[in-house]
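User: Could you take a close look at one helix in this model for me, and at the core around it? I'd enjoy a connected walk-through.

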Amino acid sequence: MASLQAHLAVWFTKWRVKRRLKGCRDYRVARAILRPLPYKIPASVRITPANVNGIPGEWVESPNSTDTVLLYLHGGGYFGCSAETHRPVTVWFALHGFRVFAPNYRLAPENPFPAAVDDAVAAYRGLLAEMHPTQRIVVAGDSAGGGLALSLMLALRAAGTPLPAAATLFSPWTDLAATGESLRTNARRCAMFNGEDIGPSAHYYLGNGDPRNPLASPLYADLSGLPPLLIHVGVDECLRDDSTRVAEKARAAGVRVELKIWPVVPHAWQLALQILPEARQSLRESSEFLRKHAAAGKAGGVGLGQHA
């Protein structure tokens with residue numbers, strides 16, 4: 001059963017975000033709308049600006065951080081948000097045992113596809129160059145960042161680069177062609193998006209490119225050989241089918257997938273962890289999943305070429 005806070009969050013998000021995004025075709029206006037409320041960093045957390053293999057970003061660490069490195073890819077439709085806006089999530093992971101690197105990958109439309117993929121790949125390779133073993137690297141992302149996490153792994157696989165131990169995807173945007181049935185059926189229920197706006201917003205990132213390019217829309221990719229995936233999505237989200245269909249396709253390709261569909265919660269509810277018990281629960285489950293697979297890789301002595 002969903003919490004009262006979740007119901008209130010849906011109302012608040014519809015008022016603060018959805019009504020303002022409806023029909024918006026100016027990415028600068030949409031960027032401002034998508035920017036979340038300010039977040040106070042806990043005193044025990046250290047945030048350090050950094051450059052990993054030419055990609056700017058920040059390390060987020062706490063006294064609880066171990067040698068497991070999380071590459072966190074923020075959402076924002078490929079045109080908005082940043083490592084800073086997603087600190088509620090990256091700080092949570094740092095407080096729960098991870099060293100987190102959150103890159104500020106280049107944003108569209110100034111830097112269209114495949115700039116974000118190239119930057120994610122460069123950041124990951126930079127972590128490898130810093131001698132972080134792949135069995136101690138995990139990846140996570142929300143919305144566009146969740147889709148980018150899949151695109152990253154597809155690009156790494158194609159290049160023969162070892163893959164991370166596991167990945168967690170929060171409501172990933174996997175179909176920029178906007179063919180999911182939930183875009184229509186959840187158009188009114190979704191707290192954040194208007195289904196008819198998803199396809200047009202993809203043009204910020206794609207320009208005139210093919211929305212079914214597998215590196216832009218992982219739903220259309222061969223997903224075989226990917227590491228274990230955990231996917232969390234809300235039942236009422238416009239992007240629900242981006243998660244359910246990619247989970248089904250990954251399972252059919254032999255990938256271990258855990259899919260959880262949450263009632264009521266708004267898109268990217270993990271950012272509201274200070275008020276939503278569902279956010280804290282989602283992040284707890286994600287932390288446990290990523291730790292489990294990183295620890296299994298370490299215990300098993302997995303070589304660097306495990307998923308190559």
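Analyst: Helix H5 is mostly covered, with 13 of its 16 residues buried; buried means under 20% relative accessible area, exposed over 50% and partly exposed in between, using a 1.4 Å probe and protein chains only. Helices here are DSSP runs of H or I with at least four residues, numbered from the N terminus. Please keep in mind that this is a predicted model: local features need pLDDT of at least 70, side-chain atom pairs count only at pLDDT 80 or more, and totals for chains, interfaces and linings use all residues. Residues are numbered from 1 along each chain as its sequence is written, and side-chain values use heavy atoms, with hydrogens and water left out.

After the helix comes Gly160, with a positive phi near 75°.

Now to the core. The largest nonpolar core holds 67 residues, and Leu71 and Leu152 have the most contacts inside it. H5 supplies the largest share of this core, nine residues. Such a core is a set of buried Ala, Val, Leu, Ile, Met, Phe, Trp, Tyr and Cys residues joined through side-chain atoms within 4.5 Å.

Leaving aside residues up to four places away in sequence, Leu71 touches Leu152 as well as others, including Phe101, Tyr124 and Val138; contact means heavy atoms within 4.5 Å. There is also a second, separate core of 33 residues, with Ala9, Phe98, Leu273 and Leu283 among them.

Conventions. Helices (H or I, at least four residues) and strands (E, at least two) are DSSP runs, numbered from the N terminus.
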